[in-house]
Each structure stands twice: as structure tokens, then as C-alpha cells.
Amino acid sequence: QVQVAESGGGLVQPGGSLRLSCAASGSILSINDMGWYRQAPGKQRELVAAITVAGTTTIADSVKGRFTISRGNARNTYLQMNSLSPEDTAVYYCKANLRRMWDSQWRDYWGQGTQVTVSS
């Protein structure tokens, strides 16, 4: 079994900061890319930031300069969000591209999401 779990969401005032954490666990052989996506009500899910196993990052233009993605150990990734605005309100999902033990295929696994609400 493989699990991907996010934590760290919540309610924050405009201009505030939050740090999201994501951890992958279970029978994992190797993890490749990890990324953060978000989905606001009535909108499609969109990429926020991604990081490769080598540490190369991709950041969406809408959050560039405000959000930073990092990798802890091989199974963890973090999203530091600064200068938050109401437009950042969404459910934030973590995705891990990984291989399970005894599986030759790389597959995407998603967490269940964590709510981030930016409001005064």
C-alpha cells in the first residue's frame, strides 16, 4: 500500500504565510517527481509547483516569487506560501510519481488534499 498525505492547511489572513507538508509512505521503491496542485471551487486543478528528484523546480507564474517548493528526504516535499491572497484559496493536493516495490511501472499517487482559505 502507498499513501500520500498532506498537512498544514488552514485559515490565514491576506498577506500571511502557510507551510504545507506532504509525505509519501508505504511499500515504495523510489520516488521521482513530487508536486503541488490546487483546485478552487468551479475551476480546474492546476499545477502550483513541482520538484524533481534532482531538485529542479517548476513554479506557476501566478505564485512565482511568493511560493517555494522544497524536498526534504526522498519521501517528503514542502510548499512555503508567503504573501497569500484570497485568490490562493483552494484545496491543495500533493502528487508523487513513484514506483512501488515489485512494480515495474512509475505511477502517480495523489493525496486527499488540504484546504487553504485566505480571508480576513
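This is a predicted model: local features need pLDDT of at least 70, side-chain atom pairs count only at pLDDT 80 or more; totals for chains, interfaces and linings use all residues.
User: What makes strand S4 and strand S5 a pair?

Analyst: Strand S4 (residues 28-39) and strand S5 (residues 46-51) are joined by five bridges in the antiparallel sense. Pairing requires at least two bridges, so S4 and S5 qualify with their five. Within this pairing, Met-34 stands opposite Ile-51 of S5.

User: How do you know that S5 also pairs with strand S6?

Analyst: Three antiparallel bridges link S5 to strand S6 (residues 57-59).

User: Which residues take a positive phi in the hairpins of S4 with S5 and of S5 with S6?

Analyst: In the hairpin of S4 and S5, with six residues between the strands, Gly-42 has a positive phi near 75 degrees. In the hairpin of S5 and S6, with five residues between the strands, Gly-55 has a positive phi near 95 degrees.

User: What makes the phi of Ser-83 and that of Trp-102 worth noting?

Analyst: Most residues other than glycine have a negative phi. Ser-83, however, has a positive phi near 50 degrees, and Trp-102 has one of about 65 degrees although it is not a glycine. Ser-83 is placed in the loop between strand S8 (76-81) and strand S9 (90-100), while Trp-102 lies in the loop between S9 and strand S10 (106-110).

User: Why is Trp-102 called exposed, while Ser-83 is called partly exposed?

Analyst: Trp-102 has a relative accessibility of 81%; exposed means over 50%, so Trp-102 belongs to that class. Ser-83 has a relative accessible area of 43%. This value falls between 20% and 50%, and Ser-83 is therefore partly exposed.

User: What forms the nonpolar surface patch that includes Trp-102?

Analyst: Leu-29, Met-101 and Trp-102 make this patch, which covers about 410 Å².

User: Which residues touch the most other members of the largest nonpolar core?

Analyst: That core has 31 residues, and Trp-36, Val-48, Phe-67, Leu-79, Met-81 and Tyr-92 touch the most other members. Strands that each supply at least two of the core residues include strand S1 (2-7), strand S3 (18-26), strand S7 (67-71) and strand S11 (114-118). S9 gives the most to this core, with five residues. In soluble globular proteins, nonpolar side chains tend to be buried together.

User: Which residues does Tyr-92 touch, not counting residues up to four places away in sequence?

Analyst: With those neighbours left out, Tyr-92 touches several residues, among them Trp-36, Val-48, Phe-67, Leu-79 and Met-81. Its contacts also include Glu-6, Arg-38 and Thr-114.

User: Why is the contact between Asp-61 and Lys-64 called a salt bridge?

Analyst: The side chains of Asp-61 and Lys-64 meet at 3.1 Å, N to O. A salt bridge requires this separation to be within 4 Å, so the contact qualifies. Asp-61, at 66% relative accessibility, is exposed, and Lys-64 is exposed at 52%. A search of the whole structure finds seven salt bridges.

User: How do you know that Asp-103 forms salt bridges with Arg-100 and with Arg-107?

Analyst: The closest N and O atoms of Arg-100 and Asp-103 are 3.2 Å apart, and those of Arg-107 and Asp-103 are 2.8 Å apart. Each distance is within 4 Å, so each contact counts as a salt bridge. Arg-100 is partly exposed, at 33%, and Arg-107 is partly exposed, at 36%. Asp-103 counts as buried because its 11% relative accessibility is under 20%.

User: What joins Arg-38, Glu-46, Arg-66 and Asp-88 into one network?

Analyst: Salt bridges that share partners connect Arg-38, Glu-46, Arg-66 and Asp-88.

User: Why is Lys-95 called buried?

Analyst: Lys-95 has a relative accessibility of 16%. Lys-95 is placed in strand S9, and its contacts include Asp-33, Gly-35, Tyr-37, Asp-108, Tyr-109 and Trp-110.

Conventions
Residues are numbered from 1 along each chain as its sequence is written. Side-chain values use heavy atoms; hydrogens and water are left out. Helices (H or I, at least four residues) and strands (E, at least two) are DSSP runs, numbered from the N terminus. Buried means under 20% relative accessible area, exposed over 50%, partly exposed in between (1.4 Å probe, protein chains only). Patches are made of residues with over 30% relative accessible area and no salt bridge: like charges are joined within 9 Å, nonpolar side chains (Val, Leu, Ile, Met, Phe, Trp, Tyr) within 5 Å. Accessible areas come from the Shrake-Rupley method with a 1.4 Å probe; for residues, only the protein chains shown count as cover. A nonpolar core is a set of buried Ala, Val, Leu, Ile, Met, Phe, Trp, Tyr and Cys residues joined through side-chain atoms within 4.5 Å. Contact means heavy atoms within 4.5 Å.
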